[in-house]
Amino acid sequence: MIYLQNLNKQFGPKIILKNVNFHLRPNETVGLVGENGMGKTTLLRIITQKESVDSGKIIIRKGTRVALLKQELGKDDGTILERVVSGDSHFQFARDEMRRLEQDLRKPDKSSEIKVQRYGELQHEFERLGGYEREPKARAILSGLGFHEEQIKKPLKELSGGWRMRVEMARLLLQNPDVLLLDEPTNHFDLKSVIWLEAFLKNYDGSLLLISHDRRFLDSLVKRVVELDRGTLALYTGNYSDYERQKEEREAQLEAEATNQKKRIAEIERFIERFRAKNTKATQVQSRIKMLDKMKRIETMTSTKTINFRFPQPKRTGRITIELSNVDKSYGNVTVYRNFSTKLERGWRVALVGENGAGKSTLLKLLAGILDHESGEIKLGHNVSRAYYAQHQSDTLNPGWTVLESIEAFVDGLTRTKTRTILGAFLFSGDDVEKKVAVLSGGERARLSLARILASPASLLLLDEPTNHLDMRSCEVLAAALADYEGTLCTISHDRYFLDGIINRVWEVSNGMVHEYIGNYSDYEYTKTQETESTVSPPTESAVSLTISRQDRGRKRREAEERNERHRILKPLKSRLEQNEHKLEEVLKEKTQVELTLADPTIYEASRKKELMELLEQQKDLSGEEKNLMEEWNHLAIQIEQAEK
């Protein structure tokens, strides 16, 4: 469908793409991953020709329709339904042209026959684009993405940015392009909409290239992963979990190759340094200098340094962290909670889930004390302090402050070293801490806001979609910090993998009530499936996804068998390679010693002629042995690489 050939792209001194080649095949789903700032979004923009390249070709098969879900929003005129139905310019042109011809044909003239023929062509295209079924399909997609029937005829301009993004997603899904490019599609979705989108995309009959920090989402959808790292693309077969395993193996191999290469380079450099001034060795020295110049240095993969640091912990509280008693909350005529009571106990780590509009965000804001209630009581426990994180939290940062100042102004009692360590844990290192908030990206602002909260943690953390705008590495940092947190946590998140690592119970919010499930999110999914198993005859999408544990056992068994087979093949090869390297090192040392002796002028005296001839013969033998060992080393390295693949 799409071929990228020798793409090069550079912003000033920063290389984004370096001779990148990639083929997106028909009907395949590929995940595009890489650390923040590597240029993933730029690559999508290049494919859609919204960004130019310095050199190279983008070849798109003739007639292929490509659509990109952008983070920036389009026009906001018309209703929600109109935007989705008519947001395809190709469809809109065909429909408008048909209407114009219908008007013209009411007054026949000499060109009527041509117009009738043209009308027939347009009608065929209209039907191909699903013109007659377009509106019901749009309604179904909007419903899956969380819109109620009464909402879809409202003006688009009344929606917030997050809901507008859902409309844009619905518009693209209805277009059903041949290639769909998605940049963090789940950022503005709730959990139910993410699950619906995942099921929808599984049945998508085009090619899909997506960027996402949601591991479960990637694992469920992708069949290949491409990693953008310092301008180059590396390809991996399988889903995200397969990619992580293969990357770890590839990284270990590269590290070993790089170590061996460094040893070889060091030996060559020692020889050059030792004999640079000797005329008798000029040829050998020049030969080795050329060898170094031609040698392609092995680059290891980038890896963000893991900081072994424990975030500050909150003060210990009483058993009850917060309690709601007979609380009423309404918005105008709409009652969300009536006579509602619940409590959070110390150490509880709760995920709020439920239908869109069920009251999850309202409950979180009531717990945070930033939303008033009409009646009832909300009481904090002994020694409890609260901290609330919302998606707009980064707007409260002072744009004139630096990253470091933003933390220091918010947190008391931390040394400069500890403050820098906290920022380092949230991927602000070196000169990054001196950046002004005004120049930070959305993801960097989100990380800074979360770092401020965790630097001086309250005993009750209330987090609304904390992983939005974070890349995969940042999500890992946040998850690790929250897993270590000793206070009480309540969160809303669409990231199921993230939730599994940090929660110990799920609250399902519905009809102004809360139904509690003990365990992590996977436990909740399993329980919900058990509850509905007797009433659902064919397996649903969610039911299928909940057989993960059984599938995992089978997958792990297969992986273990593959590892054992790979180990059986690799062990003798690696043993031979180790012996080869040991022998090569001995030969090089012996050869160096011979060459040192030959560098002594006295060896060329007539009385030492026999010794000289022996040394020259020995040098020749050692050079031949070195060559043979290097050839064997290369052969073994290729065999090992093939076996590991």
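**Notes on the predicted model**

1. Starting with helix α7: its 12 residues should span 16 Å at 1.5 Å a residue, and the end C-alpha atoms sit 17 Å apart, so the helix agrees with expectation. This is a predicted model, and everything below should be read that way. As for burial, the α7 residues that count as buried are Leu 191, Ser 193, Val 194, Leu 197, Glu 198, Ala 199 and Leu 201.

2. The charged name in that list deserves a look. Glu 198 belongs to α7, which covers residues 191-202. Its relative accessibility is 6%, and because buried means under 20%, Glu 198 falls on the buried side. What does Glu 198 touch, once neighbours within four places in sequence are left aside? The partners are Arg 216, Phe 217, Ser 220, Leu 221 and Arg 496. With Leu 221, the C-alpha to C-alpha distance is 7.2 Å, across a gap of 23 residues in sequence.

3. Next, Arg 215, which is placed in helix α8 (residues 215-221). Arg 215 has a relative accessible area of 8%, so this arginine is buried too. Its side chain makes a polar contact of 2.2 Å with the side chain of Glu 476. I'd look at that pair on screen. Besides Glu 476, the contacts of Arg 215 beyond four places in sequence include Tyr 240, Glu 244, Met 472 and Tyr 497.

4. Gln 175 is another polar residue to check; it lies in helix α6. Is Gln 175 buried or exposed? At a relative accessible area of 14% it is under the 20% cut-off, and therefore buried. Leaving out neighbours within four places, Gln 175 is in contact with Arg 65, Ala 67, Gly 87, Asp 88 and Arg 134.

5. On to the nonpolar cores. The largest one holds 49 residues, and Leu 142, Met 169, Leu 180, Leu 182 and Leu 201 have the most contacts inside it. Helix α6 (residues 161-175) gives this core its largest share, 7 residues. Apart from that core there is another, of 46 residues, with Ala 351, Ala 387, Val 403 and Leu 423 among them.

6. Met 169 is one of the residues with the most contacts in the largest core. Not counting residues up to four places away, Met 169 touches Leu 69, Leu 145, Leu 182, Pro 185, Phe 189 and Leu 197.

7. Helix α9 runs over residues 240-275, 36 residues in total. From first C-alpha to last it reaches 51 Å, close to the 52 Å expected. At its start, a side-chain oxygen of Asn 239 comes within 3.2 Å of the backbone nitrogen of Ser 241.

8. α9 packs against helix α10 (residues 282-294) at an angle of about 145 degrees, the axes being 9 Å apart. The crossing is left-handed. On the α9 side, the residues involved include Arg 264, Ile 268, Phe 271, Ile 272 and Phe 275; on the α10 side, they include Val 285, Arg 288, Ile 289 and Leu 292.

9. Helices α3 (residues 89-105) and α4 (residues 112-128) form another packed pair, with an angle of about 150 degrees and axes 9 Å apart. This crossing is left-handed as well. From α3, the meeting residues include Phe 91, Ala 94, Met 98, Leu 101 and Leu 105. From α4, they include Val 116, Tyr 119, Leu 122 and Phe 126.

10. Asn 27 has a positive phi, near 60 degrees, without being a glycine; its place is the loop between β2 (14-24) and β3 (29-33). Asn 27 is exposed, at a relative accessible area of 56%. Gln 49 also has a positive phi, of about 60 degrees, and is not a glycine. Gln 49 sits in the loop between α1 (40-47) and β4 (55-60), where it is exposed at 59%. For background, most residues other than glycine have a negative phi.

11. Finally, the whole chain. The chain has 20 helices and 18 strands, and 47% of its 645 residues count as buried. The C-alpha atoms fill a box of roughly 115 × 90 × 55 Å along the principal axes. Of the contacts between residues at least 6 apart in sequence, 70% join residues at least 24 apart.

How values were computed. Residues are numbered from 1 along each chain as its sequence is written. This is a predicted model: local features need pLDDT of at least 70, side-chain atom pairs count only at pLDDT 80 or more; totals for chains, interfaces and linings use all residues. Side-chain values use heavy atoms; hydrogens and water are left out. Helices (H or I, at least four residues) and strands (E, at least two) are DSSP runs, numbered from the N terminus. The expected span of a helix is 1.5 Å times one less than its number of residues. A polar contact is a pair of N or O atoms within 3.5 Å; within protein, one must be able to donate a hydrogen and the other to accept it, and residues adjacent in sequence count only if both atoms are side-chain atoms. A nonpolar core is a set of buried Ala, Val, Leu, Ile, Met, Phe, Trp, Tyr and Cys residues joined through side-chain atoms within 4.5 Å. Buried means under 20% relative accessible area, exposed over 50%, partly exposed in between (1.4 Å probe, protein chains only). Contact means heavy atoms within 4.5 Å. Axes are lines fitted to C-alpha atoms, for helices over the stretch in contact, and angles run from 0 to 180 degrees between N-to-C directions. A crossing is left-handed if the near helix is turned anticlockwise from the far one by less than a right angle, and right-handed if clockwise.
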